[in-house]
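Dear colleague,

Please find the structure below, handed over for your use. My notes on it follow directly after.

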Amino acid sequence: MSRLEEPAAALRGVTFTYRGAARPALCDVSLRIGQGEVVLVMGASGAGKSTLARCLNRTIPQFLPGILSGSVVVAGHDVGAATVADLAGVVGLVSQDFEAQLFSTSVRHEVAFGMEQLGVPRPEMMRRLAAALALVGLAGFDRRDPVTLSGGEKQRLAIAALLAQEPALLVLDEPTTDLDPAGKREVFAVLATLRQRGASVLLIEHETGAAEYADRLVLMQDGRVVADGAPAVLLPDVARLERLGVRPLDGDRLGAALGWRTRAASLEDAVARLRPLLPSAVSASVEGAAPSAPVGCGLDDPTQQAPTGRRPPVAGEVLVRADGLRHAYAPDRAALDGVSLEIRRGDFVALIGRNGSGKTTLAKCLNGLLVPQRGQVEVRGRPVCELTLAAVAADVGYVFQNPDQQIFAASAYDEVAFAPRNAGLAEDEVARRVQRVLAAVGLDDCGAGDPFLLGKGQRQRLAVASLLALEPALLILDEPTTGLDYAEQRRMMQRLAALHAGGLTLIIITHTPWVVAEYAQRGVVLSEGRVAFDGPLRALFAEEALLASAHFRLPDATRIGRALGLTPLSVDELLSSISPGGAA
């Protein structure tokens, strides 16, 4: 059969309802994945994307029971009578919770395990192992314990373990969530290579930039496929994408706002269309203006225009001071190497850097979860080594990258109440704080519910609430938008912006460029365990070589602006510099 006649996978009229659920998670889904085709599936959280993926390898209904109807065919075989084990060498699935797939004591064993179960001969196994690790940028990591890897490195390892099995269909459920921009490009480059080799890929992503690497884009809503076509055809419909919880590309937002009749073919094309629309004095006006941002984001600080690389003085007191921190997980590799940093009241800091640069290690040192091997951390002038963890937590809260690592109570109310109760507060004060912080994060009607039945975005907000109950002066959030759809990301950041406007000092660790651009005031870049930059955001965004070395990709709006002699931090700011009548 030709490629068009024999699909890698085909779903016909698939409907699935989880046991005990009131409505179907999938409704009459029909979808075809051609041989050697990369199909990107996007939509809001709860649209049915992960449920679709689990139907392809029989995780549904074998491990996640419910009522399944319709037909699923993979590699020419009807999987209706197959088991998960039968499909192990045919369908490779990297789940959203990638850490749950890692269990071996070394990277080498992790990648080899699946091949061993499939009976791959040892010489072939060693060839595939080396090739898979090289493809995902983990060459030389063979003997590392996966526990010592960063979140992004673990994600790439989970992908490598499946690539080595060479499945007919590779299903990736948000495979780049924890990766820095360079890591994302590496994964997408891997997908392009696999496609050239004839592999077929179903890719589930919240990252709209992934469409660049896809043959087709499938949009889902409420368990249904609502659009299926070429990315270039579907992406310019900015209004529909936003309704579906998908962030439009900056170039498409510009085109929609300016009424362009045809889509910009590239960033260079967008630059060429915008250049004639810029007033002659726009460079001075934009560079001298406060960045436009959502209300309450704190981005109107006139000190944004300080000289590159120098952080201007901030009026607030020093909350946390780090002096000469060094910490190493292995003798030959320092995660932190002489880091000094001050966090002052009122700061909104974006801590950025490539995977493994030391960001999470620094965050854990700042709140006492890690004790640096050299150097000192002070909270309000007192060395952390002289304080209890409870005393540090009263001033410095830390939200883990995975909120499930810090949620444990039987109800959302008890989760938030735990810390103030543990601090010995009276029950009426506990109740007041719980009600206040649940309302602040938009969970005031979820107090009696089981935390683990909440969605990922809700669990993330619950983790924030549990720390806010102690009324800390500083809150550190490690990847606060990871795994959230665009609408959830925006809601999370708006709530953090409101908390910052109310007096809370914030540090966010993130690889998401638009989050940094639209919300942070100050950027701190870590590179190989050292502070490579500490200063105002617009000054940081002018340091293109530094950002490239830190694997941070500027937002497209900023990249377009830089080509025009500006440094806009958002599409809205770039649009504010455009003359009326910009249709092209």
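The notes below take the strands before the helices.

This is a predicted model, in which local features need pLDDT of at least 70 and side-chain atom pairs count only at pLDDT 80 or more, while totals for chains, interfaces and linings use all residues. Residues are numbered from 1 along each chain as its sequence is written, and side-chain values use heavy atoms, with hydrogens and water left out.

Helices (H or I, at least four residues) and strands (E, at least two) are DSSP runs, numbered from the N terminus. Two strands are said to pair if DSSP finds at least two bridges between them. Strand E17 (residues 474–478) pairs with E16 in the parallel sense over four bridges. Five bridges join E17 to strand E18 (residues 505–509), and these two strands also run parallel.

Individual partners can be named. Glycine 397 stands opposite leucine 475 in E17, and tyrosine 398 has isoleucine 476 of E17 as its bridge partner. Isoleucine 476 in turn has isoleucine 507 as its bridge partner in E18.

Buried here means under 20% relative accessible area, exposed means over 50%, and partly exposed lies in between (1.4 Å probe, protein chains only). Five of the five residues of E17 are buried, so this strand is largely enclosed by the rest of the structure. In a regular strand the side chains alternate between the two faces of the sheet. In E17, Leu474, Ile476 and Asp478 point one way, and Leu475 and Leu477 the other. Strand E16 (residues 396–399) is likewise covered on both faces, with Val396 and Tyr398 buried on one side and Gly397 and Val399 buried on the other.

The open antiparallel sheet

An open sheet of four strands has the order E2-E1-E4-E5, with antiparallel pairing. Strands E2 (26–33) and E5 (77–78) stand at the edges with a single partner strand each, so one side of each is left without a neighbour in the sheet. E5 pairs with strand E4 (residues 66–74) over two bridges in the antiparallel sense, and valine 73 stands opposite aspartate 78 in E5.

Helices H14 and H15

The axes of helix H14 (residues 412–422) and helix H15 (residues 427–440) come within 9 Å and cross at roughly 130°. Axes are lines fitted to C-alpha atoms, for helices over the stretch in contact, and angles run from 0 to 180 degrees between N-to-C directions. H14 and H15 are therefore oblique to each other; angles under 35 degrees count as roughly parallel, over 145 as roughly antiparallel, 65 to 115 as roughly perpendicular and the rest as oblique.

Contact means heavy atoms within 4.5 Å. On the H14 side the contact residues are Tyr413, Val416, Ala417, Pro420 and Arg421, which meet Glu427, Val430, Ala431, Val434, Val437 and Leu438 of H15. By class, this contact has nine nonpolar, no polar and two charged residues. Ala, Val, Leu, Ile, Met, Phe, Trp, Tyr, Cys and Pro count as nonpolar, Asp, Glu, Lys and Arg as charged, and the others, Gly among them, as polar.

The buried residues of helix H21 (residues 556–563) are Asp556, Ala557, Thr558, Ile560 and Gly561. Their cover includes helices H9 (250–258), H10 (267–274), H19 (537–541) and H22 (571–575). Glycine 565, with a positive phi near 90°, follows H21.

Methionine 126 lies in helix H4 (residues 122–135) and counts as partly exposed because its relative accessibility is 28%.

With kind regards
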